[in-house]
Amino acid sequence: MKSGGLDDGKIEQLKSLPEGFGKGMAVAIVELGKTYETTLEERCDPEFQRKVGAFGEDSGMRATEIKRVEYLKRGVRVSGSGGVFKAQVDKDAIPDGWLD
């Protein structure tokens, strides 16, 4: 982030959750696209690096497209689990336009 020109204050602001969200909560909904293999050359492209938040050799051989992300209307308490897991989220916490 610093290499992109952001100062420490802005980085901390971007890393912080909005008011009402905290640890132990689901805070956002994500729509994922396809996962595909990449080359080192592709991973060194600045546009690719901005999309995945990693640089060249630091990022893995596979990338997953992130189509859209949005904060939930409110944080939802969930029991954590290792790896990828399913969680129940009340429909009233889902942002408008995601259940259509």
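**View 1. Arg-68 lies over the face of Trp-98 in this predicted model.** The distance from Arg-68 to the ring centre of Trp-98 is 3.6 Å. A charge sits over a ring if NZ of Lys or CZ of Arg is within 6 Å of the ring centre and within 35 degrees of the ring normal. Local features need pLDDT of at least 70 and side-chain atom pairs count only at pLDDT 80 or more, while totals for chains, interfaces and linings use all residues. Residues are numbered from 1 along each chain as its sequence is written, and side-chain values use heavy atoms, with hydrogens and water left out.

**View 2. Phe-21 and Tyr-71 form a tilted aromatic pair.** The structure holds one such pair, with 5.5 Å centre to centre and 45° between the planes. Rings of Phe, Tyr and Trp (its six-membered ring) pair if their centres lie within 6.5 Å; planes under 30 degrees apart count as stacked, over 60 as edge-to-face and the rest as tilted. The pair links distant parts of the chain, 50 residues apart: Phe-21 is in the loop between α1 (8-15) and β1, and Tyr-71 is in strand β2. Helices (H or I, at least four residues) and strands (E, at least two) are DSSP runs, numbered from the N terminus. Phe-21 is buried at 16% relative accessible area, whereas Tyr-71 is partly exposed at 40%. Buried means under 20% relative accessible area, exposed over 50%, and partly exposed in between (1.4 Å probe, protein chains only).

**View 3. Val-30, Leu-32, Ile-66 and Val-69 make a nonpolar surface patch of about 380 Å².** The elements that give two or more residues to the patch are β1 (25-37) and β2 (62-77). Leu-32, in strand β1, is exposed, with a relative accessible area of 54%. Patch residues have over 30% relative accessible area and no salt bridge; like charges are joined within 9 Å, and nonpolar side chains (Val, Leu, Ile, Met, Phe, Trp, Tyr) within 5 Å. A salt bridge is a side-chain nitrogen of Lys or Arg within 4 Å of a carboxyl oxygen of Asp or Glu. Accessible areas come from the Shrake-Rupley method with a 1.4 Å probe; for residues, only the protein chains shown count as cover.

**View 4. Gln-88 lies in the segment after β2.** Gln-88 is exposed, at 75% relative accessibility. Gln-88 and Arg-77 are eleven residues apart in sequence, and their C-alpha atoms are 9.5 Å apart in space.
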